[in-house]
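Please look over the sequence and the model below before reading on. The notes that follow are grouped by topic.

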Amino acid sequence: MGAGHVAPNPMVGSVLVHESRIIGEGFHQQYGKAHAEVNCIASVKEDDLKSITTSTLYVSLEPCSHFGKTPPCTDLIISRKIPKVVIGCTDPYPEVSGRGIEKLKKAGIEVEVNVLEKEVKELNKRFFTFQLQHRPYVVLKWAQSSNGRMARMDKARFPISNEYSRRLVHKWRSEEVSILVGTNTAFHDDPDLSNRYWHGANPVRLVVDMELRLPSSLQIFNKKVPTIVFNRKKHTLDKIDFYSTHPFGHDGVAYYQVTTDVDLVQQIMHALYQLRVQSVLVEGGAKLLQSFIDEDYWDEIRLITNQSLKMDEGIQSPVFNGEKIKEEELFTDRIEFFKPHTRR
(Lines give C-alpha, C1' and ligand atoms only; values in the text may rest on other atoms or scores of the structure.)
Protein backbone atom coordinates (compact mmCIF):
# COMPACT_ATOMS: atom_id res chain seq x y z
CA MET A 1 0.00 0.00 0.00
CA GLY A 2 2.98 2.28 0.38
CA ALA A 3 4.27 1.58 -3.14
CA GLY A 4 5.27 4.77 -4.91
CA HIS A 5 4.93 6.89 -1.75
CA VAL A 6 7.68 5.92 0.69
CA ALA A 7 10.92 5.75 -1.33
CA PRO A 8 13.75 5.94 -0.48
CA ASN A 9 12.40 4.25 2.64
CA PRO A 10 11.20 0.64 2.47
CA MET A 11 7.57 -0.44 2.50
CA VAL A 12 6.77 -1.71 5.98
CA GLY A 13 3.63 -3.08 7.61
CA SER A 14 2.93 -3.85 11.27
CA VAL A 15 0.27 -5.71 13.24
CA LEU A 16 -0.26 -5.86 17.02
CA VAL A 17 -1.84 -9.09 18.28
CA HIS A 18 -3.29 -9.88 21.71
CA GLU A 19 -4.33 -13.49 22.36
CA SER A 20 -4.82 -14.23 18.64
CA ARG A 21 -6.82 -11.03 18.09
CA ILE A 22 -5.53 -8.09 16.04
CA ILE A 23 -5.85 -4.92 18.12
CA GLY A 24 -3.75 -2.63 15.94
CA GLU A 25 -2.33 -2.39 12.44
CA GLY A 26 -0.57 0.18 10.31
CA PHE A 27 1.88 0.74 7.48
CA HIS A 28 4.40 3.37 6.39
CA GLN A 29 2.25 5.63 4.24
CA GLN A 30 4.46 8.55 3.19
CA TYR A 31 8.18 9.33 3.16
CA GLY A 32 9.05 11.52 6.12
CA LYS A 33 5.87 10.60 8.00
CA ALA A 34 5.16 8.09 10.77
CA HIS A 35 6.54 4.57 10.36
CA ALA A 36 4.47 1.39 10.39
CA GLU A 37 4.99 0.65 14.09
CA VAL A 38 3.87 4.14 15.09
CA ASN A 39 0.71 3.93 12.99
CA CYS A 40 0.02 0.43 14.27
CA ILE A 41 0.22 1.39 17.95
CA ALA A 42 -1.71 4.61 17.33
CA SER A 43 -4.57 2.59 15.82
CA VAL A 44 -5.24 0.65 19.03
CA LYS A 45 -8.68 1.53 20.41
CA GLU A 46 -9.04 2.84 23.94
CA ASP A 47 -10.63 -0.37 25.20
CA ASP A 48 -7.54 -2.33 24.08
CA LEU A 49 -4.81 0.00 25.36
CA LYS A 50 -4.36 -2.07 28.51
CA SER A 51 -3.62 -5.13 26.34
CA ILE A 52 -0.57 -3.60 24.65
CA THR A 53 1.77 -4.76 27.44
CA THR A 54 0.79 -8.39 26.86
CA SER A 55 0.71 -8.33 23.05
CA THR A 56 3.04 -9.37 20.24
CA LEU A 57 4.08 -6.85 17.61
CA TYR A 58 4.64 -8.19 14.09
CA VAL A 59 6.61 -5.96 11.73
CA SER A 60 7.86 -6.81 8.24
CA LEU A 61 11.24 -5.07 8.66
CA GLU A 62 13.53 -4.41 11.60
CA PRO A 63 12.37 -1.35 13.60
CA CYS A 64 14.63 1.69 13.24
CA SER A 65 16.88 2.68 16.14
CA HIS A 66 18.09 6.11 15.00
CA PHE A 67 16.70 9.60 14.58
CA GLY A 68 15.94 10.29 10.92
CA LYS A 69 12.86 12.05 9.62
CA THR A 70 11.06 10.54 12.64
CA PRO A 71 12.12 9.31 16.13
CA PRO A 72 13.31 5.68 16.60
CA CYS A 73 10.53 3.11 16.52
CA THR A 74 12.47 0.95 18.98
CA ASP A 75 12.06 3.67 21.64
CA LEU A 76 8.29 3.65 21.16
CA ILE A 77 8.11 -0.16 21.39
CA ILE A 78 10.18 -0.15 24.58
CA SER A 79 8.20 2.70 26.14
CA ARG A 80 4.89 0.90 25.48
CA LYS A 81 6.29 -2.22 27.21
CA ILE A 82 5.48 -4.58 24.33
CA PRO A 83 6.99 -7.94 25.45
CA LYS A 84 7.59 -9.64 22.08
CA VAL A 85 8.42 -8.48 18.55
CA VAL A 86 8.38 -10.73 15.45
CA ILE A 87 10.44 -9.29 12.56
CA GLY A 88 10.32 -10.28 8.88
CA CYS A 89 14.02 -9.58 8.30
CA THR A 90 16.85 -7.30 9.30
CA ASP A 91 17.21 -3.87 7.70
CA PRO A 92 20.28 -3.56 5.41
CA TYR A 93 20.42 0.22 5.91
CA PRO A 94 23.72 0.88 7.77
CA GLU A 95 22.10 3.15 10.37
CA VAL A 96 19.82 0.27 11.43
CA SER A 97 21.22 -3.13 10.31
CA GLY A 98 20.89 -5.16 13.51
CA ARG A 99 21.00 -2.22 15.89
CA GLY A 100 17.23 -2.13 16.27
CA ILE A 101 17.10 -5.82 17.16
CA GLU A 102 19.97 -5.44 19.63
CA LYS A 103 18.32 -2.47 21.31
CA LEU A 104 15.05 -4.36 21.76
CA LYS A 105 16.82 -7.38 23.23
CA LYS A 106 18.80 -5.23 25.66
CA ALA A 107 15.50 -3.82 26.88
CA GLY A 108 14.37 -7.36 27.72
CA ILE A 109 12.02 -7.79 24.77
CA GLU A 110 11.75 -11.22 23.15
CA VAL A 111 12.68 -10.90 19.47
CA GLU A 112 12.07 -13.41 16.67
CA VAL A 113 13.69 -12.62 13.30
CA ASN A 114 13.53 -13.80 9.66
CA VAL A 115 9.89 -14.84 9.54
CA LEU A 116 8.78 -14.79 5.87
CA GLU A 117 12.18 -13.31 5.05
CA LYS A 118 11.99 -14.19 1.34
CA GLU A 119 8.61 -12.50 0.93
CA VAL A 120 9.73 -9.36 2.76
CA LYS A 121 12.82 -9.04 0.58
CA GLU A 122 10.70 -9.47 -2.54
CA LEU A 123 8.35 -6.73 -1.35
CA ASN A 124 11.30 -4.38 -0.83
CA LYS A 125 13.50 -5.53 -3.72
CA ARG A 126 14.10 -1.91 -4.78
CA PHE A 127 15.24 -0.91 -1.30
CA PHE A 128 17.47 -3.97 -0.85
CA THR A 129 19.06 -3.57 -4.29
CA PHE A 130 19.80 0.09 -3.61
CA GLN A 131 21.29 -0.57 -0.16
CA LEU A 132 23.29 -3.69 -0.98
CA GLN A 133 24.30 -3.14 -4.62
CA HIS A 134 24.53 0.67 -4.54
CA ARG A 135 22.42 1.24 -7.62
CA PRO A 136 18.75 1.65 -8.47
CA TYR A 137 16.49 -1.28 -9.17
CA VAL A 138 16.08 -1.50 -12.96
CA VAL A 139 12.92 -2.62 -14.77
CA LEU A 140 13.04 -2.87 -18.57
CA LYS A 141 9.73 -2.77 -20.40
CA TRP A 142 8.67 -2.86 -24.02
CA ALA A 143 5.80 -3.99 -26.23
CA GLN A 144 6.28 -6.00 -29.40
CA SER A 145 4.40 -7.64 -32.24
CA SER A 146 3.93 -11.41 -32.41
CA ASN A 147 7.07 -11.64 -34.55
CA GLY A 148 9.26 -9.51 -32.29
CA ARG A 149 9.02 -5.99 -33.77
CA MET A 150 8.72 -3.09 -31.34
CA ALA A 151 8.43 -0.10 -33.70
CA ARG A 152 8.00 0.85 -37.33
CA MET A 153 11.09 1.39 -39.46
CA ASP A 154 10.19 5.07 -39.94
CA LYS A 155 9.93 5.34 -36.10
CA ALA A 156 6.48 6.92 -36.37
CA ARG A 157 4.36 6.43 -33.28
CA PHE A 158 2.42 3.18 -33.53
CA PRO A 159 0.58 1.63 -30.55
CA ILE A 160 1.28 -2.08 -30.20
CA SER A 161 -0.23 -3.11 -26.86
CA ASN A 162 -3.97 -2.89 -26.15
CA GLU A 163 -5.65 -0.32 -23.90
CA TYR A 164 -5.77 -2.69 -20.93
CA SER A 165 -2.04 -3.31 -21.02
CA ARG A 166 -1.40 0.41 -21.39
CA ARG A 167 -3.35 1.03 -18.20
CA LEU A 168 -1.28 -1.64 -16.47
CA VAL A 169 1.90 0.11 -17.64
CA HIS A 170 0.68 3.29 -15.96
CA LYS A 171 0.27 1.31 -12.73
CA TRP A 172 3.88 0.15 -13.13
CA ARG A 173 4.98 3.74 -13.59
CA SER A 174 3.32 4.74 -10.32
CA GLU A 175 5.45 2.15 -8.48
CA GLU A 176 8.83 3.48 -9.64
CA VAL A 177 10.75 6.61 -8.70
CA SER A 178 11.85 7.41 -12.25
CA ILE A 179 11.22 6.55 -15.90
CA LEU A 180 13.85 6.67 -18.66
CA VAL A 181 13.73 6.94 -22.46
CA GLY A 182 16.30 7.58 -25.18
CA THR A 183 16.55 10.48 -27.59
CA ASN A 184 14.72 8.86 -30.51
CA THR A 185 11.83 7.67 -28.36
CA ALA A 186 11.40 11.13 -26.87
CA PHE A 187 11.50 12.77 -30.30
CA HIS A 188 9.43 10.39 -32.44
CA ASP A 189 6.92 9.12 -29.84
CA ASP A 190 6.69 12.39 -27.87
CA PRO A 191 5.58 10.50 -24.73
CA ASP A 192 4.20 12.24 -21.65
CA LEU A 193 5.67 9.49 -19.40
CA SER A 194 3.15 10.14 -16.64
CA ASN A 195 0.79 7.62 -15.05
CA ARG A 196 -2.32 9.60 -16.01
CA TYR A 197 -4.38 6.39 -16.32
CA TRP A 198 -3.57 5.37 -12.75
CA HIS A 199 -3.49 7.00 -9.33
CA GLY A 200 -0.36 7.86 -7.34
CA ALA A 201 2.71 9.97 -7.86
CA ASN A 202 4.26 10.33 -11.31
CA PRO A 203 7.82 9.08 -11.75
CA VAL A 204 10.51 11.68 -12.41
CA ARG A 205 11.21 11.71 -16.15
CA LEU A 206 14.71 10.91 -17.39
CA VAL A 207 15.81 11.34 -20.98
CA VAL A 208 19.10 10.83 -22.81
CA ASP A 209 19.85 13.77 -25.12
CA MET A 210 23.62 13.87 -25.55
CA GLU A 211 23.67 16.89 -27.90
CA LEU A 212 20.67 18.73 -26.38
CA ARG A 213 18.83 18.65 -29.68
CA LEU A 214 15.35 17.74 -28.42
CA PRO A 215 12.87 20.62 -28.92
CA SER A 216 11.32 22.23 -25.84
CA SER A 217 7.86 21.63 -27.32
CA LEU A 218 8.00 17.92 -26.44
CA GLN A 219 5.73 16.64 -23.68
CA ILE A 220 8.63 15.62 -21.44
CA PHE A 221 9.35 19.34 -21.05
CA ASN A 222 5.75 20.32 -20.23
CA LYS A 223 6.53 21.14 -16.54
CA LYS A 224 3.89 18.68 -15.29
CA VAL A 225 6.60 16.40 -13.91
CA PRO A 226 10.29 17.21 -13.26
CA THR A 227 12.68 16.02 -15.99
CA ILE A 228 16.40 15.22 -15.87
CA VAL A 229 18.34 15.34 -19.13
CA PHE A 230 21.51 13.25 -19.45
CA ASN A 231 23.79 15.06 -21.87
CA ARG A 232 27.45 15.88 -22.57
CA LYS A 233 27.20 19.70 -22.64
CA LYS A 234 25.48 21.05 -19.54
CA HIS A 235 25.25 20.33 -15.79
CA THR A 236 22.88 21.93 -13.26
CA LEU A 237 22.20 18.99 -10.96
CA ASP A 238 24.54 18.33 -8.05
CA LYS A 239 24.40 15.67 -5.36
CA ILE A 240 21.30 16.44 -3.34
CA ASP A 241 18.56 14.90 -1.23
CA PHE A 242 16.41 14.22 -4.25
CA TYR A 243 13.36 13.34 -2.18
CA SER A 244 13.15 16.55 -0.17
CA THR A 245 14.49 19.06 -2.69
CA HIS A 246 13.78 19.33 -6.39
CA PRO A 247 16.46 21.65 -7.82
CA PHE A 248 14.67 22.19 -11.09
CA GLY A 249 14.47 25.59 -12.70
CA HIS A 250 11.32 27.42 -13.71
CA ASP A 251 11.00 25.12 -16.70
CA GLY A 252 11.07 21.98 -14.51
CA VAL A 253 14.22 20.62 -16.16
CA ALA A 254 17.61 19.76 -14.69
CA TYR A 255 20.71 18.67 -16.62
CA TYR A 256 23.21 15.98 -15.70
CA GLN A 257 26.41 16.01 -17.70
CA VAL A 258 28.02 12.75 -18.78
CA THR A 259 31.16 11.99 -20.76
CA THR A 260 31.76 9.96 -23.90
CA ASP A 261 34.77 8.04 -22.60
CA VAL A 262 32.78 6.04 -20.00
CA ASP A 263 29.86 3.70 -20.69
CA LEU A 264 26.62 5.71 -20.61
CA VAL A 265 24.59 3.13 -18.68
CA GLN A 266 27.20 3.01 -15.92
CA GLN A 267 27.15 6.81 -15.68
CA ILE A 268 23.36 6.87 -15.46
CA MET A 269 23.40 4.22 -12.73
CA HIS A 270 26.05 6.16 -10.79
CA ALA A 271 24.12 9.42 -11.15
CA LEU A 272 20.85 7.91 -9.96
CA TYR A 273 22.54 6.33 -6.96
CA GLN A 274 24.10 9.65 -6.00
CA LEU A 275 20.69 11.30 -6.34
CA ARG A 276 19.12 8.53 -4.21
CA VAL A 277 16.77 7.52 -7.03
CA GLN A 278 15.89 4.03 -5.87
CA SER A 279 14.33 2.60 -9.03
CA VAL A 280 14.02 3.26 -12.75
CA LEU A 281 11.62 1.97 -15.39
CA VAL A 282 13.32 1.97 -18.81
CA GLU A 283 10.72 2.25 -21.58
CA GLY A 284 12.86 2.53 -24.69
CA GLY A 285 13.97 2.71 -27.32
CA ALA A 286 15.49 -0.50 -28.57
CA LYS A 287 19.10 0.75 -28.48
CA LEU A 288 18.87 2.03 -24.91
CA LEU A 289 17.13 -1.13 -23.70
CA GLN A 290 19.77 -3.30 -25.37
CA SER A 291 22.52 -1.24 -23.72
CA PHE A 292 21.11 -2.03 -20.26
CA ILE A 293 20.87 -5.71 -21.19
CA ASP A 294 24.42 -5.84 -22.61
CA GLU A 295 25.83 -4.14 -19.50
CA ASP A 296 23.86 -6.53 -17.26
CA TYR A 297 22.13 -3.65 -15.49
CA TRP A 298 18.60 -5.01 -15.15
CA ASP A 299 16.55 -6.75 -12.49
CA GLU A 300 13.29 -7.36 -14.34
CA ILE A 301 12.09 -7.43 -17.93
CA ARG A 302 8.38 -6.99 -18.55
CA LEU A 303 7.57 -7.95 -22.10
CA ILE A 304 4.17 -7.27 -23.65
CA THR A 305 3.47 -9.22 -26.86
CA ASN A 306 0.44 -8.45 -29.00
CA GLN A 307 -0.36 -11.95 -30.21
CA SER A 308 -2.74 -10.74 -32.92
CA LEU A 309 -0.32 -8.25 -34.49
CA LYS A 310 2.37 -9.15 -37.01
CA MET A 311 4.65 -6.53 -38.57
CA ASP A 312 6.38 -7.42 -41.83
CA GLU A 313 8.92 -4.66 -41.25
CA GLY A 314 10.01 -2.87 -38.13
CA ILE A 315 12.67 -2.36 -35.49
CA GLN A 316 13.70 -5.64 -33.87
CA SER A 317 13.08 -6.03 -30.16
CA PRO A 318 16.08 -6.31 -27.80
CA VAL A 319 17.72 -9.69 -27.35
CA PHE A 320 18.20 -11.04 -23.84
CA ASN A 321 18.73 -14.18 -21.83
CA GLY A 322 16.59 -14.46 -18.74
CA GLU A 323 14.43 -16.75 -16.64
CA LYS A 324 10.67 -16.38 -17.00
CA ILE A 325 9.09 -16.01 -13.57
CA LYS A 326 5.45 -15.56 -14.57
CA GLU A 327 3.10 -14.95 -17.47
CA GLU A 328 -0.41 -13.55 -17.83
CA GLU A 329 -2.77 -12.53 -20.62
CA LEU A 330 -4.85 -9.41 -21.15
CA PHE A 331 -7.04 -10.16 -24.16
CA THR A 332 -4.72 -9.89 -27.21
CA ASP A 333 -1.62 -9.24 -25.12
CA ARG A 334 0.64 -11.76 -23.44
CA ILE A 335 2.67 -10.26 -20.58
CA GLU A 336 5.83 -12.08 -19.53
CA PHE A 337 8.08 -11.29 -16.59
CA PHE A 338 11.76 -12.25 -16.60
CA LYS A 339 14.67 -12.02 -14.20
CA PRO A 340 18.39 -12.53 -14.93
CA HIS A 341 19.75 -16.06 -14.71
CA THR A 342 22.60 -14.70 -12.62
CA ARG A 343 22.46 -11.62 -10.44
CA ARG A 344 25.07 -8.86 -10.56
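**Briefing on the chain**

In the chain, 72% of the contacts with a separation of 6 or more are between residues 24 or more positions apart; contact means heavy atoms within 4.5 Å. This is a predicted model, in which local features need pLDDT of at least 70, side-chain atom pairs count only at pLDDT 80 or more, and totals for chains, interfaces and linings use all residues. Residues are numbered from 1 along each chain as its sequence is written, and side-chain values use heavy atoms, with hydrogens and water left out.

**Overall form**

- The chain has nine helices and 16 strands; helices (H or I, at least four residues) and strands (E, at least two) are DSSP runs, numbered from the N terminus.
- The radius of gyration is 22 Å, close to the 20 Å from the globule rule for 344 residues, so the chain is as compact as a globular protein of that length. This radius is taken over C-alpha atoms, and the rule is 2.2 Å times the number of residues to the power 0.38.
- The C-alpha trace spans about 70 × 45 × 35 Å along its principal axes.

**Burial**

- Of the 344 residues in the chain, 50% are buried (under 20% relative accessible area; exposed is over 50% and partly exposed in between, with a 1.4 Å probe and protein chains only).
- Lys141 lies in strand E6 (residues 137-145) and is buried, with a relative accessible area of 12%.
- Beyond its neighbours within four places in sequence, Lys141 has contacts that include Trp172, Glu283 and Arg302.

- Five of the five residues of strand E10 (residues 227-231) are buried, so E10 is largely enclosed by the rest of the structure.
- In a regular strand the side chains alternate between the two faces of the sheet.
- Thr227, Val229 and Asn231 point one way from E10, while Ile228 and Phe230 point the other way.
- Strand E9 (residues 204-208) runs parallel to E10, joined by four bridges; two strands pair if DSSP finds at least two bridges between them. Leu206 has Ile228 in E10 as its bridge partner.
- Strand E11 (residues 253-257) also runs parallel to E10, with five bridges, and Phe230 has Tyr256 in E11 as its bridge partner.

**Strand E3 and its partners**

- Strand E1 (residues 13-18) and strand E3 (residues 56-59) run antiparallel and are joined by four bridges. Val17 stands opposite Thr56 in E3.
- E3 and strand E4 (residues 84-87) run parallel, again with four bridges. Thr56 stands opposite Lys84 in E4.
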